[in-house]
Amino acid sequence: MRVKDKQYRTIWMDKTIIRLINQMLLPHKFEIVDVKKLQELKLAINNMTIRGAGAIGAAGAFGIAQAAMLSNDKDFFDNLTDAATQLRKTRPTAQNLFTGIDFVLNALKKESKVSLARETAVRRANLYADMDASACKKIGEFGAGLIKDNAKVSTHCNAGWLAFVDWGSALSPVYYAVKEQNKNLFVYVDETRPRCQGANLTAWELVNENIPHLIIADNVTGALMYQKKIDIVFVGADRIARNGDIANKIGTYSSAVVAHDNNIPFYVAAPVSTIDANCPSGDNIPIEERDENEILYVQGKDDAGAISRVRISPEGSHALNIGFDVTPAKYITGIITEMGIYPASYDGVTQILSKVKKV
Ligand code: MRU
């Protein structure tokens, strides 16, 4: 995607350094962070300098590649296993993190020579990132067919290109419809408390792409659906269970139920790397709980241009900060993947998995 006339990916690797767009500072400041070692990468994933299922999947893949580049020969395989264990603990819900780590790690099992394993690790991590970007573009192509000219689209959180390596999942159909099919669209962006990925990141992407939009408080979406002001909903997913249930940013479930009650198509867009074939249903998806301060404080830019954090709740109040919710398959019109659009059901997920070629 382009930022100020320059082509960027959300995350990439340059020799032994992982470079990523700092999502903690957007939309106020565009900055690239250099991640030089595992400790820094773990922190970046955990504090959401890099976030979004696909982007942290790539971070996991690059993290193993970086560990391979930096490890000595003697403890090479032990060091990589240890790096994988540490990375897996950074965030629990997005399946892509685990997919990305395993995509690199499993390929190394065949290598007996460390020098070859190092090369393989870097090649696999770059391949993972390329596959994420092309899967997301394909999602755009399939999803754009669902959008009528002049449609009003609703989306939650940020499942745009910042949440992946490029293109995004839920926003990819929007980008494809506008750029490749010249459709006029309007997007309602859920603010997405507490971290405001909608207001900060999705809105920033849409400003960059010149796509008309309005940011709405999370509790407005239902009213707009009731008033027939929303034609279609696209959300992402952090994990898709075997039966078609999905976990996505907290608030997705409410949006899905209200969309269902108002006969508004509700699509989940996600690459195959989001499917957890070993997870029978949404009830088995681990749900992240984050620090209460993300609710008690908000971050923004003051009139003097400084980015700062202010407390919005009384001293003495505590907060419950659940990061994700589960949307049962029955509320989902379809799952858009790079393999096509399938029903959200056990059979639908089986069909998607049957199309996947082992790389
Ligand atoms: O906590 P985050 O920002 O990493 O959450 C992930 C998300 O942005 C959403 O849940 C998104 O819709 C799915 S990830 C593309």
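Me: Hi! At what angle do helix α4 and α5 pack?
Reply: Helix α4 (residues 95–108) packs against α5 at about 145°, and their axes are 8 Å apart. Axes are lines fitted to C-alpha atoms, for helices over the stretch in contact, and angles run from 0 to 180 degrees between N-to-C directions. Helices (H or I, at least four residues) and strands (E, at least two) are DSSP runs, numbered from the N terminus. This is a predicted model, in which local features need pLDDT of at least 70, side-chain atom pairs count only at pLDDT 80 or more, and totals for chains, interfaces and linings use all residues. Residues are numbered from 1 along each chain as its sequence is written, and side-chain values use heavy atoms, with hydrogens and water left out.

Me: Nice. Which residues in α4 and α5 meet there?
Reply: On the α4 side you have Asn96, Thr99, Gly100, Phe103, Val104, Ala107 and Leu108. They meet Ala117, Thr120, Ala121, Arg124, Ala125, Leu127, Tyr128 and Met131 in α5. Contact means heavy atoms within 4.5 Å.

Me: And how do the residues of that contact of α4 with α5 divide?
Reply: There are 10 nonpolar, four polar and one charged in the contact of α4 with α5. Here Ala, Val, Leu, Ile, Met, Phe, Trp, Tyr, Cys and Pro count as nonpolar, Asp, Glu, Lys and Arg as charged, and the others, Gly among them, as polar.

Me: What about helix α5 and helix α6, how far apart are their axes?
Reply: The axes of α5 (residues 114–144) and α6 (residues 172–179) are 7 Å apart, with a packing angle of about 70°. From α5, the contact uses Cys136, Lys137, Ile139, Gly140, Glu141, Gly143 and Ala144, and α6 brings Ser172, Pro173, Tyr176 and Ala177. This contact of α5 with α6 holds six nonpolar, three polar and two charged residues.

Me: Switching topic: into which domains is the chain divided?
Reply: Domain 1 covers 2–136 and domain 2 covers 140–354; the bounds come from an automatic or database domain assignment. Their C-alpha centres lie 24 Å apart. Across the boundary, 39 residues of domain 1 are in contact with 41 residues of domain 2.

Me: On to strands. In what order do β3, β4 and β5 sit in their open sheet?
Reply: The order is β3-β4-β5, and the pairing is antiparallel. Two strands pair if DSSP finds at least two bridges between them. β3 (11–14) and β5 are at the edges with a single partner strand each, so one side of each has no neighbour in the sheet. The average twist from one strand to the next is 25°.

Me: How many bridges join β3 to β4?
Reply: Four, with β3 and β4 running antiparallel. Tryptophan 12, for instance, has arginine 19 in β4 as its bridge partner. Helix α2 (residues 53–70) packs on this sheet, touching β3, β4 and β5, and its direction makes about 15° with that of β3.

Me: There's another open sheet with β10, β11 and β15. What is the pairing there?
Reply: It is antiparallel, in the order β10-β11-β15. The edge strands are β10 (239–240) and β15 (324–327), each with a single partner strand, so one side of each is without a neighbour in the sheet.

Me: Which residues face each other in that sheet?
Reply: Between β10 and β11 there are two bridges, and arginine 239 stands opposite alanine 247 in β11. Four bridges join β11 (residues 246–249) to β15. On that side, alanine 247 has valine 326 in β15 as its bridge partner, and isoleucine 246 stands opposite threonine 327 in β15. Helix α9 (residues 252–261) lies across β11 and β15, at about 30° to β15.

Me: How many residues lie between β10 and β11 in the hairpin?
Reply: Five, and glycine 244 in that turn has a positive phi of about 95°.
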